[in-house]
Amino acid sequence: MNMENGGQGRQGGFPTTRMRRLRYHPGVRKLVREVAVSPANLVLPLFVRPGEKLRQPIGAMPGHCQMSPDQLPAEGKEIAGLGIGGVILFGIPAAKDAQGSDATSESGIVAEAVARLKDAVPELLVITDVCFCEFTDHGHCGVLAERCGQMDVDNDATLDLLARQAVVHAKAGADMVAPSGMMDGMVGAIRGGLDFAGYEHIPIMSYAAKYASGFYGPFREAAESAPKFGDRRTYQMDPATAIGQALREVELDLAEGADLVMVKPALAYLDVVRAVAEKYPGVPLATYNVSGEYSMVKAAAERGWIDEQTVAMESLIAMRRAGAQIILTYWAKDVARWGNG
Ligand code: PBG
């Protein structure tokens, strides 16, 4: 060691400052951690379809399955027992039609699933996805009309249906509704519908900034909701638009009454998560760690190329570090079992 050079350090550089001092001792490493992923902040998506004693594995999402409503009480008890924040329900109806009728029916699959869950596990927070793509025979997120010479989702005609769907969910016992269709005015319409029906206490978590993403691929198998023609680019956001557009989406949803907002997908959009968190520090922010983000880790881990737990935790930590309080993730149960180590 060159003692004559000791003064150098006092100006702040090496060797006085050694960042590794914060890393040698595992206890120090633990002490200086700031970001934690707690099961209480996670929401687990569940896929429900009509049937009995059904647990149909989803090929593209190892570890997940479509289940019949009779499976939900045991499933819900396990989830609640693990301390997970809640579940979000997606339904695959017995029959689809142009209007997505099952979605607005009090005997529809989601209404049945909510009732079964709340009856068996009242303490479990049950959120419902409010959208039509799983219920329409054409696979789009609302009813269709011709526009500019092609069939497209009719925004305003869909709003009334979304409000009815949300009320059906609330009536069945849903604790929160989460509109994901990216229709203009959807939050206001749903808020109006819920309030009019006496559910003014039910919060809305809006998928406020939802991008048209290739990362939803495996979900479309899970929810059987792939569009039969075209794509969702006339309603979901273009990944290449300025972040300011995401901020406008959030601002509008808040003005219409959203209580919580979401950015989706998560990993490729952490800049958007950060921007929303900074601009709206008082608004609970969720991000959706979507199916493709899960499946690509699963696939690589199956080949032995990466370690699932390490990569999953690293991804979830990044989402929290970017500013998301809540994460919707297919790893919710795994996180609870892995612990925070
Ligand atoms: C639409 C909806 C989608 C997802 C959640 N809600 C699919 C889509 O927009 O095509 C995707 C979730 C995932 O990929 O995990 N109801």
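Arg21 is found in the loop between α1 (6–10) and α2 (26–31); helices (H or I, at least four residues) and strands (E, at least two) are DSSP runs, numbered from the N terminus. The model is a predicted one, in which local features need pLDDT of at least 70 and side-chain atom pairs count only at pLDDT 80 or more, while totals for chains, interfaces and linings use all residues. Residues are numbered from 1 along each chain as its sequence is written, and side-chain values use heavy atoms, with hydrogens and water left out.

Arg21 counts as partly exposed because its relative accessibility is 45%. Here buried means under 20% relative accessible area, exposed means over 50%, and partly exposed is in between (1.4 Å probe, protein chains only). Together with Arg18, Arg20 and Arg23, Arg21 forms a positive surface patch. Patches are made of residues with over 30% relative accessible area and no salt bridge, like charges being joined within 9 Å and nonpolar side chains (Val, Leu, Ile, Met, Phe, Trp, Tyr) within 5 Å. Lys and Arg count as positive and Asp and Glu as negative, with His and the chain ends not counted. The place of a charge is taken as NZ of Lys, CZ of Arg, CG of Asp or CD of Glu.

## The nonpolar patch

Met19, Leu22, Leu31 and Val32 make a nonpolar surface patch of about 410 Å². Accessible areas come from the Shrake-Rupley method with a 1.4 Å probe, and for residues only the protein chains shown count as cover. Val32 is placed in the loop between α2 and β1 (42–48). With a relative accessibility of 47%, Val32 counts as partly exposed.

## Salt bridges

Side chains of opposite charge can pair when their charged atoms come close. A salt bridge is taken as a side-chain nitrogen of Lys or Arg within 4 Å of a carboxyl oxygen of Asp or Glu. By this rule the count comes to 14 salt bridges. One of them joins the side chains of Glu78 and Lys333, at 3.2 Å from N to O. Glu78 lies in helix α3 and Lys333 in helix α12 (residues 332–338), so this pair ties together parts that are 255 residues apart in sequence. Glu78 is partly exposed at 33% relative accessible area, whereas Lys333 is buried at 15%. Both residues belong to a network of salt bridges that links Arg55, Glu75, Glu78, Lys333 and Arg337.

Arg191 and Asp195 also form a salt bridge, their closest N and O atoms being 3.0 Å apart. Both lie in helix α6 (residues 186–196), four residues apart, which is about one turn of the helix. Arg191 is buried, with 12% relative accessible area, and Asp195 is partly exposed at 33%. In the salt bridge between Asp231 and Arg233, the closest N and O atoms are 3.0 Å apart. Asp231 is partly exposed at 36% relative accessible area, and Arg233 is exposed at 64%.

## Strands β5 and β8

Strand β5 (residues 126–130) runs parallel to β8 and is joined to it by four bridges; two strands pair if DSSP finds at least two bridges between them. Val130 stands opposite Pro179 in β8.

In a regular strand the side chains alternate between the two faces of the sheet. Strand β8 (residues 176–179) is covered on both faces, with Met176 and Ala178 buried on one side and Val177 and Pro179 buried on the other.

In strand β10 (residues 260–264), five of the five residues are buried. Leu260, Met262 and Lys264 point one way from β10, and Val261 and Val263 point the other way.

β10 pairs with two strands named here. Five bridges join β10 to strand β9 (residues 205–210), and the two run parallel; Met205 has Leu260 as its bridge partner in β10. Three bridges join β10 to strand β11 (residues 285–289), again in parallel, with Val261 opposite Leu285 in β11.

## Two buried positions

Gly76 lies in helix α3 (residues 72–81) and counts as buried at 0% relative accessibility. Gly76 and Glu123 are 47 residues apart along the chain, and their C-alpha atoms are separated by 9.5 Å.

Val143 lies in the loop between β5 and β6 (144–147). At 8% relative accessibility, Val143 counts as buried. From Val143 to Arg29 the separation is 114 residues in sequence and 54 Å in space, C-alpha to C-alpha.
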